[in-house]
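Open the model in your viewer and keep the selection tool ready. The stops below each name what to pick and what to look for.

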Amino acid sequence: GLQENDFGVECFFIDAGWYGHSSKYSKNEFEGDWGEHTGSWNINPTYHPDEFRDVCKALEETDLKFLLWLEPERAINTTDWPTEHPEWFLTSEKDGDNVLLNLGNPDACNSCIELVSGIIENWLGI
């Protein structure tokens, strides 16, 4: 394993695709519809049926930290946040389906802070 061979690895990194409502499994970043779910920041039960409990349990047995990719400032316009709160987002015709969270909007900014803080408290062990 990583620990026995001292590869110098300090964290286990989960990149994009852990979120959303897809029922299709993506075996790599080139397959599946995971990219269409950017903006639905729930842990996808298809990919992580035990949320991150299994990951956290495995990491407790090592010295590795947990690093989770998150991009709450960008979303696809058909996902949870833009659908529920379109007033929180800035749009542009040239950006296609992508919208940007308007952090100048106090409700949007506070919700972003609550989202990231909740993930850190619940899953990243801080």
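Select asparagine 105, in the loop between S5 and H4. Helices (H or I, at least four residues) and strands (E, at least two) are DSSP runs, numbered from the N terminus. Asparagine 105 counts as buried because its relative accessibility is 16%. Buried means under 20% relative accessible area, exposed over 50%, and partly exposed in between (1.4 Å probe, protein chains only). Not counting residues up to four places away in sequence, asparagine 105 touches Glu87 and Trp88. Contact here means heavy atoms within 4.5 Å.

A word on the model before moving on. It is predicted: local features need pLDDT of at least 70, side-chain atom pairs count only at pLDDT 80 or more, and totals for chains, interfaces and linings use all residues. Residues are numbered from 1 along each chain as its sequence is written, and side-chain values use heavy atoms, with hydrogens and water left out.

**Zoom out: the whole chain**

Colour by secondary structure. The chain has four helices and five strands. Along the sequence they follow the pattern α-β-α-β-β-α-β-β-α. The C-alpha atoms fill a box of roughly 50 × 30 × 25 Å, taken along the principal axes. Of the 126 residues, 33% are buried. Among contacts with a separation of 6 or more, 55% are between residues 24 or more positions apart.

Select S3 (74–76), S4 (89–90) and S5 (residues 98–101). They form an open sheet in the order S3-S5-S4, with antiparallel pairing. S3 and S4 are the edge strands, each pairing on one side only. Two strands pair if DSSP finds at least two bridges between them.

How many bridges join S3 to S5? Three, and the two strands run antiparallel. Pick out isoleucine 76, which stands opposite asparagine 98 in S5. Arginine 74 stands opposite leucine 100. Now move to the S4 side. Two bridges join S4 to S5, again antiparallel. There, phenylalanine 89 has leucine 101 as its bridge partner in S5.

Show the side chains of S5. Val99 and Leu101 make up its covered face, Asn98 and Leu100 the uncovered one.

Next, select S1 (residues 11–14) and S2 (65–68). Four bridges join these strands, which run parallel. Isoleucine 14 has leucine 68 as its bridge partner in S2. Stay on S2 and show its side chains.

**The nonpolar core**

Select Trp18, Phe52, Phe66 and Trp81. These have the most contacts inside the largest nonpolar core, which has 22 residues. Such a core is a set of buried Ala, Val, Leu, Ile, Met, Phe, Trp, Tyr and Cys residues joined through side-chain atoms within 4.5 Å. H2, S2, S5 and H4 (106–123) each supply at least two residues of the core. The largest share, five residues, comes from H4.

**The largest pocket**

Select Asp15, Ala16, Gly17, Ser26 and Asn28. Among the 16 residues lining the largest pocket, these lie nearest its centre. On a 1 Å grid over the protein atoms alone, a pocket is an open set of points where a 1.4 Å probe fits, with protein on both sides within 12 Å along at least five of seven lines; lining residues have an atom within 4 Å of a point. The volume is about 400 Å³, meaning the space filled by probe spheres set on the points, with grid points joined across faces, edges and corners.

The lining divides into nine nonpolar, four polar and three charged residues. Here Ala, Val, Leu, Ile, Met, Phe, Trp, Tyr, Cys and Pro count as nonpolar, Asp, Glu, Lys and Arg as charged, and the others, Gly among them, as polar. S1 gives the largest share of the lining, three residues.

**Two stops in one loop**

Centre on serine 26, in the loop between S1 and H2 (53–60). Is serine 26 buried or exposed? It counts as buried, because its relative accessibility is 13%. Not counting residues up to four places away in sequence, serine 26 touches Glu31, Gly32, Asp33, Trp34 and Tyr47. For a distance check, pick leucine 90 as well: the C-alpha atoms of serine 26 and leucine 90 are separated by 30 Å, and the residues are 64 apart along the chain.

Finish at glutamate 51, also in the loop between S1 and H2. Glutamate 51 has a positive phi of about 55° although it is not a glycine. With a relative accessible area of 31%, glutamate 51 is partly exposed.
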